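Hi there,

Here is the structure I promised to pass on. Have a look at it first, and then read on for what I found in it.

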Amino acid sequence: MARSQHGVDSELLRALTSGDEARVEELLTRQGDGHSRMGGRVTSISVQVGAGTAGAAAPPRQWEAPIPSGLLGAKSTALHVVAGRGHARLARRVCELAPSLVATRDGCLDTPLHRAAKAGHREVAACLLPAMRAAGAGADAALLARNRLGATALYEAIRCGHAETVDLLATEAPELAAVTTDDGVSPLYLAAMTGSAGMVRALLRPSPDGTPSLASSAGPEGRTALHAAAAKSREIVQEILEWDQGPALLSKADSFGKTPLHYAVSHRQHGVLLLLLNAEASLERVPDNEGLFPVHVAAMMGNIRDIVVLVEGCPDYAELVDGQGRNFLHCAIEHGQENVVRFFCRNDRFVVLLNAMDYEGNTPLHLAVKYGHPRMVSSLLQTMSVEVGITNRDGITAADLAYSHLEPGLHYFLDPRAVVKNILYWTRAPVTLGAGGDHVLLHSRMSNTRPATDEGPKDIDGITATSTIASVLIATVTFAAAFTVPGGYVADDHPRSGTAVLARRFAFRAFVASDAMAFLCSIVATCFLVYGGAGQVPPGQRRFYQRSASGLLPPGAQLMVAAFAFGIHVILGEANRWLVTVVYVLALGAVLLCFPGIWAPFYLVKAIWRRAGWRGLVNVHRRPASLEEFFWLFITSFLFKNLMRPLFAVLISVTFLVSIALNIALPDY
């Protein structure tokens, strides 16, 4: 008979793999006859397919048909092969002829029952269980055996998601539910983690005689199955709570001090939260090791619905603070939950939280400024009950923090910290005398005084270099376009020789106007950048030049896009009317979407208006001492900045619409 490279009869291995019971019987009978002719006595089924011997040998006896108990590729026996392939009838026959094989273990320490459980072969497992029970001494040890992963057959069935096999094993061998892995993970915990209510129900099912389930609820890091269920499903939580040991798990905390309620909140399981609170209302007053209560976790997750439920059952919610003295509004701000802050600011019920201080003396406004959340700052400033002049333990106000966190000089206008700094300046939030030179710089740039200092932002050279390259490119392109006009020039032998052929067309005039304005914006910006980069220029003037240049570059780029669209219109003419419209639409999209400067932070208007009225919007809180002071105050106001930025975009958009209308209605115009 042919042998494989590991010494097994290849025909027999194929028959075992395919489940051909008749062929296996035939081959085994032939093998047995061979042994008889050689005078041999079959005692332990010794045909091997690998090195070594697996499991204990069968007691000496005569066999009707010897079965190979030798080792397959990974020290597997014939029963391992049959069990893994799901051949239930052949597995039953093997168990009848060689019952010792049910306890053998392969190289991974898997028993045949492990193999059947992994593959989800319920019928094979049903054959193996009684055979293991009938094996006598050592049967229980084989049934409860753990493989190299520390898993029992039940654990493997759960891990592979075979619910029917789990149901069988939990019914026929309920003691398996009490065996954990080497890491202390129980089958019940794993079933809860997978979110399978059916497997959890099978594991917790009482025995037929009414004995409660023997299942262990242990999990890693001190967690229980209820922790895992709280993060998954209300149905699974309900199953565990109906278990006789379930209620005792409600207050169990893991190694981080978190209860199942913490997990329900952090995984947004609102139904589980209601179920747990209904079972044990005091859970909402249990903090974790960092002092975080469930309501803190809900605020960190931005879950307003959970916050409301938790607050309703806890009248002294304002007293629930973590290890740093922060209430849940502090936590919401620290984790960037803008919707939670806006909800608190609009609900008078939470007014007590708005000015609460942590152990460092920081109010929610302090933290919103510290972490650079302009929308949160705006929401807090819109709420008049928020006090902006409170100082923390270091004597610092929120405005002091804003000024200290942003260096003077050139900044991107949508930089969150720059926006926070500006809104506090426009509303004239109070600062302390110890605010430092940064606050003095901010006020001095709006007045006649310019403090003599060489301090500037660290990246100013990089900003200046990049802006200079962009402005020079725009100037070069627009200059060249001005003298290579679309449509060409009138020939010398015609009237008005040398002029543009299409000079009377609306699109051509719009092209010339936009190209000229783009060139002027870019060339002036280039000059300002040259002056702003010169070390001999006073710092106050340098900042003026740099800011002016940064304000001129976006309009220059927008106007260049407009000039391109108008030039395409002139070239295509009336013969490509719809193609011209498509070009205008694409160019309009580029102007509106690729230049964020036109999308001003209008959410600040309400806060500025409530805190400082129209004076805050125009940045004139007192009568200016001179016309120059009024000029500096106004050009740095919210109104001026956020009306000027979208100005050219609006003009270009209107001109595009007019051009499209004329192209359709009056193609020759």
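A residue is called buried when its relative accessible area is under 20%. By that cut-off, 48% of the 669 residues in the protein are buried. Please keep in mind that this is a predicted model.

For the overall picture, the secondary structure comes to 33 helices and zero strands. Taking the contacts in the protein with a separation of 6 or more, 69% are between residues 24 or more positions apart.

Now to the inside. The largest nonpolar core has 130 residues, and I240 and F328 are the ones that touch the most other members. Helix α6, which covers residues 122–133, gives the most to this core, with seven residues.

One more residue to look at is L28, which lies in helix α2 (residues 21–37). Is L28 buried or exposed? Its relative accessible area is 2%, so L28 counts as buried, the cut-off being under 20%. L28 and L12 are 16 residues apart in sequence, and their C-alpha atoms are 8.0 Å apart in space.

Technical notes. Residues are numbered from 1 along each chain as its sequence is written. This is a predicted model: local features need pLDDT of at least 70, side-chain atom pairs count only at pLDDT 80 or more; totals for chains, interfaces and linings use all residues. Side-chain values use heavy atoms; hydrogens and water are left out. A nonpolar core is a set of buried Ala, Val, Leu, Ile, Met, Phe, Trp, Tyr and Cys residues joined through side-chain atoms within 4.5 Å. Buried means under 20% relative accessible area, exposed over 50%, partly exposed in between (1.4 Å probe, protein chains only). Helices (H or I, at least four residues) and strands (E, at least two) are DSSP runs, numbered from the N terminus. Contact means heavy atoms within 4.5 Å.
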